[in-house]
Amino acid sequence: MAMLAGLSTLNVKLSVGFEAVSGQKPAEFNVLHRINSIGGISIEPETIDASALEDLVERSVAGRATSGGNFTVAFNATDGTIAEWEQLIEDYQEASESQLRMWIQVSHPSMARAFFVVAQPPLQLPMPDFGQNELLVMEVPLTIEDYVGLDTKVTATDSDAA
C-alpha cells in the first residue's frame, strides 16, 4: 500500500458536544461554521532535575507533560457565527452547573479518527482586530481541561445555519 504524501486541511470540521454522563465522550456533536484556523496542542514533558552531588553534568528525567493550557480557534465573524459561539457559551454554562463538560472534536475527512479536547470557553467573546481590507476574524481562546487526543470519530450534526 502506497503511503500518502500528506493531507490538506480542506473540509476539516470543528464540532462541539456536551457530556450526557459525566466523564464520557458525548454521543452527539454539532459542527461550528466558518472556522478559519484551529491552534495546535503540543504535549511537552517537563524536566525534573535528577542530578546528584557526584554528577558533573546535570541529569534529568521526564516529568509531567503540559498541554500549554489553551489553544485558539479563529472563525469568520458574522452575525450567524457569533450567534453559534454565544449559544456554545450559554450551553457550556448550563452543562457546567450539572458537572458536565464540553468536548471539542476536530475531524479530517480522510482520517479514520478525530482529535478530541475537553475544553472551557471564555465567558464572553473577545473583540476582533479590525484592519484595512481584511477578513473580520474572531479568535477565541479555549482552556484545555483535558487533551484526550485521537479517538473514534463521532458523526457531527451540521445545521449549516451560519
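Which backbone nitrogen lies 2.9 Å from a polar atom of the side chain of histidine 108? In this predicted model, that nitrogen belongs to serine 110. Histidine 108 itself sits in the loop that runs between β7 and β8, and with a relative accessibility of 11% it counts as buried. The cut-off here is under 20% relative accessible area. Setting aside neighbours within four places in sequence, the contacts of histidine 108 are Leu7, Ser8, Val12 and Lys153. Asparagine 11 also belongs in this part of the picture: its C-alpha is 6.9 Å from that of histidine 108, although 97 residues separate the two in sequence.

Next come the charged pairs. The model has 3 salt bridges. In one of them, glutamate 19 pairs with arginine 101, and the closest N and O atoms are 2.9 Å apart. This pair ties together distant parts of the chain, since glutamate 19 is in the loop between β1 (13-18) and β2 (29-32) and arginine 101 is in the loop between α1 (79-97) and β7 (102-107), 82 residues apart. Glutamate 19 has a relative accessibility of 3% and therefore counts as buried.

Arginine 101 also meets the side chain of glutamate 145 in a salt bridge, at 3.8 Å from N to O. Glutamate 145, at 38% relative accessibility, counts as partly exposed. Through shared partners, Glu19, Arg101 and Glu145 end up in one salt-bridge network.

Another salt bridge brings together the side chains of aspartate 151 and lysine 25, with an N to O distance of 3.2 Å. Aspartate 151 is in strand β9 and lysine 25 is in the loop between β1 and β2, so this pair, too, links distant parts of the chain, 126 residues apart. Both partners are partly exposed: the relative accessibility is 29% for aspartate 151 and 26% for lysine 25.

Definitions and conventions
Residues are numbered from 1 along each chain as its sequence is written. This is a predicted model: local features need pLDDT of at least 70, side-chain atom pairs count only at pLDDT 80 or more; totals for chains, interfaces and linings use all residues. Side-chain values use heavy atoms; hydrogens and water are left out. A salt bridge is a side-chain nitrogen of Lys or Arg within 4 Å of a carboxyl oxygen of Asp or Glu. Helices (H or I, at least four residues) and strands (E, at least two) are DSSP runs, numbered from the N terminus. Buried means under 20% relative accessible area, exposed over 50%, partly exposed in between (1.4 Å probe, protein chains only). Contact means heavy atoms within 4.5 Å. A polar contact is a pair of N or O atoms within 3.5 Å; within protein, one must be able to donate a hydrogen and the other to accept it, and residues adjacent in sequence count only if both atoms are side-chain atoms.
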